[in-house]
Amino acid sequence: MTVVVTAVFQPKPGKQKELAEAMRRGIEAVHTEKGCELYAIHDAEDGTVTMIEKWTTVEDLDVHGDSDQVKILRTDIADLIEGPATVTRMTPIPAGTESQGAL
């Protein structure tokens, strides 16, 4: 079963755009990981940067958490964020149409 994740990053003051740019190398690396179906960042109205992820299995996500690709991302953004990201794992509850009812 797929798993969806949000990771909300709080940039240091005035660093939102720089944070998003610094995440690019890590994102490209994560896209090569087994089970990565979606790994995309978004500017949020509250000034945070939110990563939305979709993984084929929980096991793939668990491997991702300790991967070299995540280490790249963490290193590249360490000086641009206020603290650790707020990470939430979610299990889809499909509803409605197949294409619109689940991420």
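Me: Over how many bridges do β1 and β3 pair in the antiparallel sense?

Reply: The model is a predicted one, in which local features need pLDDT of at least 70 and side-chain atom pairs count only at pLDDT 80 or more, while totals for chains, interfaces and linings use all residues. Residues are numbered from 1 along each chain as its sequence is written, and side-chain values use heavy atoms, with hydrogens and water left out. Strands are DSSP runs (E, at least two residues; helices are H or I, at least four), numbered from the N terminus, and two of them pair if DSSP finds at least two bridges between them. For β1 and β3, antiparallel partners, the number of bridges is seven.

Me: Over how many bridges do β1 and β4 pair?

Reply: Threonine 6 stands opposite threonine 88 in β4. The two strands β1 and β4 run antiparallel, and their bridges number five.

Me: In what order do the four strands form the open sheet?

Reply: β1 pairs with β3 and also with β4. β2 in turn pairs with β3, in the antiparallel sense over seven bridges. Put together, the pairing in this open sheet is antiparallel and the order is β2-β3-β1-β4.

Me: Which strands stand at the edges of the sheet, each with a single partner strand?

Reply: The order of the four strands is β2-β3-β1-β4. A strand at the edge has a single partner, so one side of it is left without a neighbour in the sheet; here this applies to β2 and β4.

Me: How many residues lie between β2 and β3 in their hairpin?

Reply: Across this pair of strands, histidine 42 has threonine 50 in β3 as its bridge partner. In the turn, glycine 47 has a positive phi of about 90°. The number of residues between β2 and β3 is five.

Me: How many of the seven residues of β3 are buried?

Reply: Buried means under 20% relative accessible area, exposed means over 50%, and partly exposed lies in between (1.4 Å probe, protein chains only). In β1, five of the seven residues are buried, so β1 is largely enclosed by the rest of the structure. β3 is mostly covered, and its buried residues number six.

Me: What is the relative accessible area of threonine 86?

Reply: Threonine 86 belongs to strand β4. Threonine 86 is exposed, and its relative accessible area is 51%.

Me: Which residues form the aromatic pair that is edge-to-face?

Reply: Rings of Phe, Tyr and Trp (its six-membered ring) pair if their centres lie within 6.5 Å, with planes under 30 degrees apart counted as stacked, over 60 as edge-to-face and the rest as tilted. The count by this rule is one aromatic pair. Its rings are 6.3 Å apart centre to centre with 75° between the planes, and the residues are tyrosine 39 and tryptophan 55.

Me: How many residues apart in sequence are the parts that the pair ties together?

Reply: Both tyrosine 39 and tryptophan 55 are buried. Tyrosine 39 lies in β2 (residues 36–43) and tryptophan 55 in β3 (residues 49–55), so the pair links parts whose separation in sequence is 16 residues.
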